[in-house]
Amino acid sequence: MVEKKRVFYIRRAIFLLIAAAVAIPLLTRIEFPMIVGWPAQNLYDFVDKVPTDKIVVVSTSWSAGSQGECAPQTAALIRHLAKSGKRFAIWSFSDIQGPELAQAIAEPVTKEYNREYGVDWVNWGYKTGASAMIRGWAKDIWGTVKEDMEGTPVEELPFMEDVHSHEDIGLIVDISAGALYGVNTVNYYIQFLKGLYNVPVGYACTGVMAPEAFPYLDSGQIVGMMRGLAGAAEYETLVGFSGDATRRMTAQSFAHVLIIALIIIGNAGYFLSKRRRRVEEAQTPSSGAPSPPEEQRE
Amino acid sequence: MNAVNPEVIWIGAICTLAIYSILYRENPFFRLFEHIFVGLATGYWVQLIIVQIIVPQWGKPLFVEGKWYWTFAMLIGCMFYFIYSKRYVWIARWAMGLFIGFSAGLGIVAFVAEYIPQIVASFRPIVEWSNGDFHFDSLLVFITLIVVMSYFFFSIEHKNRALSYSAKTGRWLLMIAFGAIFGNTVMARVSLFIDRVQFLLFDWLKLQS
C-alpha cells in the first residue's frame with residue numbers, strides 16, 4: 001500500500017516537472033540558436049528555386065489535434081512563400097479541417113507581405129476522392145477543384161488563369177499528420193505526381209512520422225523535409241523569422257533534457273534495486289520454498 | 001489560429017484542464033469533458049461532411065447543374081447497406097468488388113511508381129571505381145540490410161556462429177532504429193503539450209508581456 005502511494009506521488013511529481021520544464025522557458029523567453037539540418041535546408045532551397053510561372057501547392061493534411069506541430073510548419077512555409085513572392089494554393093484531400101486552419105494562418109501573413117487572395121494565393125478547400133481524385137487533379141485542376149473554399153468558381157479567380165494541370169505546379173509540399181485509408185498522405189503525391197509526372201514533392205510531417213520518411217529523401221522522391229516542431233523551427237531560422245516554433249523549441253529542449261535525466265535515474269534505480277535484492281537474497285539462508293516470479297516481487 | 005473571443009478562450013482552457021485532470025486520477029470532470037469532446041468531434045465531422053462534401057460535391061452537380069449521372073454515386077453507396085440483409089448481401093459484395101478491383105488497379109500503378117525508385121536507391125555503389133570515391137552511407141545501408149535480414153531468417157536455427165553474430169548485430173541495429181523512432185515520438189507528444197501550455201499561459205492567463 002505504501003509502495004503504491006509512493007509510485008502514485010512519484011508519477012504526479014514527474015508530470016509536474018514536465019509541466020514546469022515546458023512552462024518556465026516559455027515564460028522566460030529563452031531562445032537557443034537553431035542548427036539547420038539538411039532536410040529543411042533542401043526544402044527551403046527548392047522553394048526558392050520554384051519558377052515564377054509555376055505555383056506551389058500547400059497540402060494541409062492535418063487537423064486541430066496535431067496543430068502543435070503542423071501549424072508552425074504551415075506558418076513557416078507560408079511566410080517563406082509570401083515573402084519570396086511565390087504563388088501558392090492551399091488544399092487538402094485527406095483532412096477537412098486542414099484548409100480552414102491554414103486559411104487562418106495564411107490571412108495575416110499574406111496581408112503582412114501585401115499578397116492578394118485570388119491573385120497571389122488561393123484556398124481550394126477540401127476535396128474528397130483520394131487516389132482517383134488525385135489522378136484526375138494532376139491532369140485537370142479546373143475540372144477537379146471547380147471552386148475555392150468560399151465557393152468562388154475557379155474561372156473567376158485570376159490566380160487560376162494559367163493553372164490547369166501538373167505542368168503548372170512547381171512543387172507540392174504535403175504538411176501531414178497522418179494517413180488516409182492506411183496510406184501516408186505524402187505517398188499519394190509520390191505515387192501519382194512524382195512517380196507518373198515527375199512533379200517535385202516536399203514533406204513536412206509530425207516527429208513520429210519523420211524516421212520512415214528518410215528513405216524517400218535518400219531516393220530523391222521528396223526534395224526536402226521539415227521534421228516535426230524542430231523542422232518548423234529550422235525553417236523559421238532560414239526564413240529569418242522567430243515565431244512559435246523557435247520559441248517552443250526551447251521548451252522542447254528543456255523537456256527532452258528532463259526526460260533523458262529521468263530515463264537515466266529510472267534505469268539507475270532499477271539496476272541498483274536489482275543488485276540490492278541479489279545481495280539480500282545471498283545473505284538470507286534459503287528456506288527451501290521457491291522464490292516468487294520477478295514481477296510479483298516488484 | 002487561436003480563438004480571439006474571450007468566452008471561447010475560457011471554454012478552451014476549461015476543456016484543456018478537464019482533460020489534463022486525468023493525470024491526477026480518474027474523475028467525473030474528466031469523464032464529462034471526454035464525452036463532450038467525442039460528441040462535439042462527431043457533430044463537427046458530420047456538419048463538415050454535409051457542408052463540404054455532400055452538398056457542394058454531390059448535391060450541387062446533381063440538383064443545380066443537372067448532371068443526372070451523379071445518381072449512380074448514391075445508388076452504389078446504398079448498395080453497401082445490403083450487407084445487413086442475408087438474402088441480398090450479394091448486392092453489397094458487388095459494390096465492394098467494384099471498389100476492390102478499382103483499388104487493386106490503382107495499387108499496381110502506385111507500387112511501381114513508389115517502390116521501384118526505392119529499390120534502385122538501395123543499390124548505390126559503396127566505392128565508385130571511376131573516381132575512387134568511398135560512400136560510407138552506402139556501406140552502412142548494405143551492412144544493415146544484410147544483418148537485419150539475417151535476424152528475420154528463421155528457416156535454419158541460429159546456431160551457426162556467423163549467422164548468430166549477424167542476427168545479434170541486426171537486433172542491435174533494429175534497437176537503435178526503434179530508439180530514434182521513440183525519440184521522435186517523444187518530441188511529437190511534447191510538441192502537442194507545449195501547444196496547450198502556450199495556450200493556457202498566453203491566450204488564457206495573458207502572462208505574455
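T74(A) is buried, because its relative accessibility is 0%; buried means under 20% relative accessible area, exposed over 50%, and partly exposed in between, with a 1.4 Å probe and protein chains only. The residue sits in helix 3 of chain A, residues 67-84. Helices here are DSSP runs of H or I with at least four residues, strands are runs of E with at least two, and both are numbered from the N terminus. The side chain of T74(A) makes a polar contact with the side chain of W62(A) at 3.2 Å. Such a contact is a pair of N or O atoms within 3.5 Å; within protein, one must be able to donate a hydrogen and the other to accept it, and residues adjacent in sequence count only if both atoms are side-chain atoms. Leaving aside residues up to four places away in sequence, T74(A) touches T60(A), W62(A), A102(A), I105(A) and I175(A). Touching means heavy atoms within 4.5 Å.

This is a predicted model: local features need pLDDT of at least 70, side-chain atom pairs count only at pLDDT 80 or more, and totals for chains, interfaces and linings use all residues. Residues are numbered from 1 along each chain as its sequence is written, chains are lettered from A and ligands numbered from 1 in the order in which they are written, and side-chain values use heavy atoms, with hydrogens and water left out.

The term means a side-chain nitrogen of Lys or Arg within 4 Å of a carboxyl oxygen of Asp or Glu. Over all chains, the structure holds 12 of them. In one, E112(A) pairs with R79(A), with the closest N and O atoms 3.1 Å apart. E112(A) lies in helix 4 (residues 97-112) of chain A and R79(A) in helix 3, so the pair ties together parts that are 33 residues apart in sequence. R79(A) is buried at 8% relative accessibility. E112(A) is partly exposed at 49%.

Another salt bridge joins D162(A) and R87(A), with the closest N and O atoms 3.2 Å apart. This pair links distant parts of the chain, 75 residues apart: D162(A) is in the loop between helix 6 (141-145) and strand 4 (169-176), and R87(A) is in the loop between helix 3 and strand 2 (88-92). R87(A) is buried at 15%, while D162(A) is partly exposed at 33%.

Now turn to helix 10 of chain A, residues 244-283. R248(A) and D244(A) both lie in this helix, 4 residues apart, about one turn. Their side chains meet in a salt bridge of 3.7 Å, N to O. R248(A) is buried, with a relative accessible area of 4%, and D244(A) is partly exposed at 28%. Salt bridges that share partners join D244(A), R248(A), D195(B) and R196(B) into one network.

Not counting residues up to four places away in sequence, R248(A) touches residues of both chains, among them L26(A), P72(A), L229(A) and I194(B).

At the scale of chain A, the domain assignment, automatic or from a database, gives domain 1 (1-30) and domain 2 (38-244). Their C-alpha centres lie 38 Å apart.
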